[in-house]
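Subject: Structure handover and notes

Hello,

My notes follow below it.

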Amino acid sequence: MKKKASKRKKQRDFENTLAELVKKDDFIDYQFEHNDSSICLGYLKSAIDTEKLEKYILPQIQQNDYIDLNEVINDIPITKSQLIDDPNQLHEKLIQGYVFIYMENVNPQYLLVPIPLTKTRQVDIPEVEFSVVGPKEAFVENIDTNLNLVRKRIAVPELSIEKMKVGTVTKTKVAVVSIEGIADKENVRTVIQRIKDVQMDQVIDSSYIQQAITDNQNSPFPQLLDTERPDRIAAVLTEGKVAIFVDGSPHVLIGPTTLVEFFSAFEDYFLNWTLASAFRLIRLFAVFFSILITPLYVAVLTHHFELIPKTLLGTLVSSRTQVPFPPILEAIILELTIELLREAGARLPSKIGQTIGIVGGIVIGTASVEAGLTSNVLLIIVALAALGSFTTPVYQMGNTIRLIRFPLLVFAHIYGILGVGICIAYIMVHLLKLTSLGRPFLEPIFPFRLTDLKDAFIRLPFDKQNKRPFAVRPEKVLRSTKQNYDK
C-alpha cells in the first residue's frame with residue numbers, strides 16, 4: 001500500500017511540474033509511439049543545444065523500440081546522463097539545459113540528458129592588461145574555459161578546485177582555486193566560508209563577490225586583485241595565493257594581496273630585471289606625482305608663496321593675472337573636466353571615444369586658457385597628473401587614485417601643505433589598518449619583511465627570489481624546484 005501511495009504521489013508531483021512547464025512558451029514536448037511502449041520527451045528550447053538533440057537523441061528514440069529507460073541511456077552517446085525518480089528535480093534540471101525522457105505506464109523514472117546551450121566568445125588578447133611580450137590569452141565569460149586555461153599551465157594533481165553556487169536567484173557558479181601543499185589552508189577556508197556566507201539574490205560578475213567578501217567594504221582601496229590574464233593566475237597560485245573564478249565574468253580575483261602588487265604589471269616578469277625594476281619605479285613615481293602635484297599647487301599658491309623660486313614666480317603670476325577664481329576652484333574645474341572627458345571616452349564606442357578624448361582635451365584646454373578661466377601652468381599640471389594615473393596597471397586602483405585627489409585638494413586649500421600632510425597621514429593610518437583576507441595590506445612595508453622586498457618596489461632576478469612571499473603564509477616557503485618541492 002505504501003508503494004502504491006508513493007507512486008501516486010510522485011505521479012501527482014509530475015503532473016503538477018508538467019503543468020507548470022507547459023505554461024512556458026519555450027517548453028517543447030514530444031511523444032513517440034512504438035509497438036510496446038510510448039516514450040515522452042521534454043525540454044526548454046532556449047536552454048539546450050538543438051543540434052545535439054537532433055543528432056544524438058531523437059534518432060535513437062525514433063528508430064528503436066525500448067522496454068525501459070536503462071536501454072535508452074545505453075544508446076544515447078552523451079555522458080553524465082542520469083536516472084532520477086523525483087519529479088520535483090525536473091524543473092531545475094530543465095533550466096540547466098537537460099532533456100528529460102520518460103515512459104508511460106512504467107515505473108516513475110525520468111532520464112535526464114545534459115545538452116546545455118553554451119554560447120561564449122573565443123579566447124582573445126587581453127584588453128585591460130595588454131602586454132607587448134608574453135602570452136596573448138585572456139579569460140572569457142565561461143568558467144569552464146577559464147579553468148581550462150589555468151589547468152593547462154598548472155598540470156599537477158595538487159591543483160584544487162572547490163565549486164559552489166552563489167545567489168538565491170541566479171545560482172552563479174563560483175570556483176575557488178588553489179594548490180594543495182602550497183596555499184595556506186586558512187586562506188582557502190576563509191575564502192570559501194566568506195563566499196558561502198554571501199546573502200545576495202544575484203551575482204552577475206566577480207566584482208559582486210569582491211565587494212561582498214572584502215575585509216573593509218567602506219574602503220576605496222581594492223583589497224582583492226582582479227586580472228584577466230591566465231598566466232598571472234598561474235603565477236600567483238604557485239606563490240600560494242587563492243583565485244576566485246565566477247561564471248559570466250572575464251576577470252578572476254586574487255587574494256590575499258598587498259598594496260604594492262597593484263603597481264606591478266605582469267609584463268615586468270617578461271623583461272630583464274633591471275628594465276622591469278626601472279619601469280616599476282617610474283610607475284610608482286607617476287602615481288605619487290598624480291596624487292600630490294595638484295594639491296601642492298593649490299597649497300603653495302594659497303598659503304606658501306615664499307616657497308616659489310623667484311625665477312618661477314613671474315611665470316605663475318603672469319599665468320594667473322586673468323583668472324578670476326582662487327586656485328582651489330580653478331583646480332577642481334580642471335580636474336572635473338578631465339574626469340568628464342575620461343568618462344565620456346570610456347562610455348562611448350571605442351573610435352568615437354578616442355576622438356572625444358583627444359579633440360575634447362585640446363579644444364577645452366585651449367579655450368579655457370584663452371577665456372581666462374584657468375592658467376596654462378595648472379592645465380599642464382592637471383594633464384600630467386592624469387597621465388600619471390594612467391600608468392597604474394590595475395584599473396580599480398587607478399579609480400582610487402582619481403578619487404583621493406579631491407580630499408587632498410580640499411585639505412590643501414584649508415591648511416596648505418600641513419593639510420596635505422594631515423590627509424596623507426590619514427590615508428596611511430587607513431592603509432595600516434587595512435587587511436586582505438586577514439593579512440596585512442601594507443606588507444612588506446608594515447610589517448617589514450626584507451625577503452618580500454625582492455619583488456616589491458624593484459624586481460630582483462629570479463635566482464634571488466628563492467622564497468615565496470611570506471605575506472600569504474605558504475606551506476612550502478621554498479620555490480618549487482624539483483629538489484625542494486618535496487621538503
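Helices (H or I, at least four residues) and strands (E, at least two) are DSSP runs, numbered from the N terminus. This is a predicted model, in which local features need pLDDT of at least 70, side-chain atom pairs count only at pLDDT 80 or more, and totals for chains, interfaces and linings use all residues. Residues are numbered from 1 along each chain as its sequence is written, and side-chain values use heavy atoms, with hydrogens and water left out.

**Backbone checks**

Most residues other than glycine have a negative phi, and most peptide bonds are trans. Some places here depart from that.

Glycine 255 and proline 256 are joined by a cis bond, with omega about -10°. Proline 256 sits in the loop between strand E10 (252–255) and helix H9 (273–303). The bond from phenylalanine 446 to proline 447 is also cis, with omega near -5°. Proline 447 belongs to the segment after strand E12 (439–440).

Next, positive phi. Lysine 80 is not a glycine, yet its phi is about 65°. This lysine 80 lies in the loop between helix H3 (69–75) and E3. Lysine 80 counts as exposed because its relative accessibility is 71%. (Buried means under 20% relative accessible area, exposed over 50%, partly exposed in between, with a 1.4 Å probe and protein chains only.) Lysine 171 has a positive phi of about 50°, and again is not a glycine. Lysine 171 is in the loop between strand E6 (159–166) and strand E7 (172–179). At 44% relative accessibility, lysine 171 is partly exposed.

**The five-stranded sheet**

Five strands make an open antiparallel sheet, in the order E1-E2-E4-E5-E3. Strand E1 (27–33) and strand E3 (82–84) are at the edges; each has a single partner strand, so one side of each lacks a neighbour in the sheet. From one strand to the next, the twist averages 25°. Two strands pair if DSSP finds at least two bridges between them. E3 and strand E5 (residues 110–114) run antiparallel and are joined by three bridges. Isoleucine 84 has tyrosine 110 in E5 as its bridge partner.

Helix H2 (residues 50–63) lies across E1, strand E2 (38–44), strand E4 (98–103) and E5, at about 160° to E2. (Contact means heavy atoms within 4.5 Å. Axes are lines fitted to C-alpha atoms, for helices over the stretch in contact, and angles run from 0 to 180 degrees between N-to-C directions.)

**Salt bridges**

A salt bridge is a side-chain nitrogen of Lys or Arg within 4 Å of a carboxyl oxygen of Asp or Glu. The whole structure has 19 of them.

Arginine 280 takes part in a salt bridge with aspartate 268, with the closest N and O atoms 3.2 Å apart. Arginine 280 is in helix H9 and aspartate 268 in the loop between E10 and H9, so the pair ties together parts 12 residues apart in sequence. Both arginine 280 and aspartate 268 are buried.

Aspartate 455 also forms a salt bridge with arginine 280, at 3.0 Å from N to O. Aspartate 455 lies in the segment after E12 and arginine 280 in helix H9, so this pair ties together parts 175 residues apart in sequence. Aspartate 455 is buried too.

Glutamate 330 pairs with arginine 320, with the closest N and O atoms 2.3 Å apart. Check that distance before you build on it. Glutamate 330 and arginine 320 are both buried.

Which charged side chain is buried yet has no salt bridge? It is arginine 342, and the nearest side chain of opposite charge, glutamate 339, is 4.3 Å away. (Lys and Arg count as positive and Asp and Glu as negative; His and the chain ends are not counted.) Arginine 342 is in helix H11 (residues 327–347). Not counting residues up to four places away in sequence, arginine 342 touches Ala386, Ser389, Phe390 and Arg402.

**Record annotation**

An unreviewed UniProt entry places "transmembrane region" at residues 281–303, 353–371, 377–396 and 408–429. UniProt positions are given in the numbering used here, feature names are shortened, and annotations may be inferred rather than shown by experiment. In the model, residues 281–303 are 100% helix and 0% strand, with end C-alpha atoms 31 Å apart. Residues 408–429 are 95% helix and 0% strand, with end C-alpha atoms 15 Å apart.

Best wishes
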